[in-house]
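Hi,

Here is the structure I said I would pass on to you. Have a look at it first, and then read my notes on the helices below.

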Amino acid sequence: MLKLKNKRINWYLFLVLAVFLSGLFLKTYRQTELLGFYYDQGRDALAALQILSGRPKLTGPISGIKGVLLGPFWFYLLAPFYLLSKNPGIAASLFALTDAVVVYFSYLIWKRISSPKLLKISFLTWLIFYEFSWQIISYWRWFSNPTAIFAVEGILIFFTLKLYLREKINYFLLQNIFLIF
């Protein structure tokens with residue numbers, strides 16, 4: 001820690017925040033112009049707007065298997081972002097803020113599986129690779145239900161780890177709720 005005029009600066013936290021915000025910038029930069037908007041995104045936007053107009057959805061989008069539908073969770077997840085902006089590019093940029101969920105739960109997992117001595121450097125290394133990966137940045141430019149996988153996956157892995165370590169059985173219920181969606 002460095003002291004500047006009676007204020008302590010946590011350089012590690014500052015560096016993590018800088019990497020996260022830089023990655024968030026790359027994921028949202030010119031999102032309205034670069035967003036791929038195809039049939040799936042239009043269908044999802046229409047479903048979210050229908051939910052906002054008071055017509056709930058009981059089924060989600062069709063899966064890759066003919067006749068098999070996904071759950072409606074994706075539509076309900078999209079609805080608040082389309083409430084803030086009817087523009088898909090802006091809604092996608094706002095949705096990119098859920099990347100904080102990914103980073104938070106990843107840190108909790110990392111903290112649990114890493115030694116205290118290696119935690120800071122290993123998490124920061126992972127964060128740099130995650131935030132600046134072209135593949136992950138390109139996923140955020142495709143506003144469809146796979147985009148939410150990053151956050152849901154982090155949460156599911158965290159719940160699974162808690163169950164494995166037998167810390168709380170309540171995580172079993174939460175894990176299954178996330179699996180349904």
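Helix α6 (residues 99–113) packs with helix α9 (residues 149–164) at an angle of about 25°, and their axes are 8 Å apart. Helices here are DSSP runs of H or I with at least four residues, numbered from the N terminus. The axes are lines fitted to C-alpha atoms over the stretch in contact, and angles run from 0 to 180 degrees between N-to-C directions. The two helices are therefore roughly parallel to each other (under 35 degrees counts as roughly parallel, over 145 as roughly antiparallel, 65 to 115 as roughly perpendicular and the rest as oblique). The crossing of α6 and α9 is left-handed, a term used if the near helix is turned anticlockwise from the far one by less than a right angle, with right-handed for clockwise.

Which residues meet there? From α6 they are V101, V102, F105, L108, I109, R112 and I113, and from α9 they are F150, A151, G154, I155, I157, F158 and L161. Contact means heavy atoms within 4.5 Å. By class, this contact has twelve nonpolar residues, one polar and one charged (Ala, Val, Leu, Ile, Met, Phe, Trp, Tyr, Cys and Pro are nonpolar; Asp, Glu, Lys and Arg are charged; the others, Gly among them, are polar).

By the way, this is a predicted model: local features need pLDDT of at least 70, side-chain atom pairs count only at pLDDT 80 or more, and totals for chains, interfaces and linings use all residues. Residues are numbered from 1 along each chain as its sequence is written, and side-chain values use heavy atoms, leaving out hydrogens and water.

Next, look at α5 (residues 88–95), where P88, G89, A91, A92 and F95 are buried, meaning under 20% relative accessible area with a 1.4 Å probe, protein chains only (exposed is over 50%, partly exposed in between). Seen down the axis of α5, these buried residues fall within an arc of 165°, so they line one face of the helix. The arc is taken from the directions from the helix axis to the C-beta atoms. They pack against α2 (31–34), α4 (73–84) and α6.

α4 and α5 pack at about 115°, with axes 9 Å apart, and are therefore roughly perpendicular to each other. W74, L77, F81, Y82 and L84 of α4 make the contact with P88, A91, L94 and F95 of α5. Those residues divide into nine nonpolar, no polar and no charged.

Finally, find D99 in α6. Is D99 buried or exposed? At 0% relative accessibility, D99 counts as buried. Leaving aside neighbours within four places in sequence, D99 is in contact with F20, K27, Y130, E131 and W140.

Cheers
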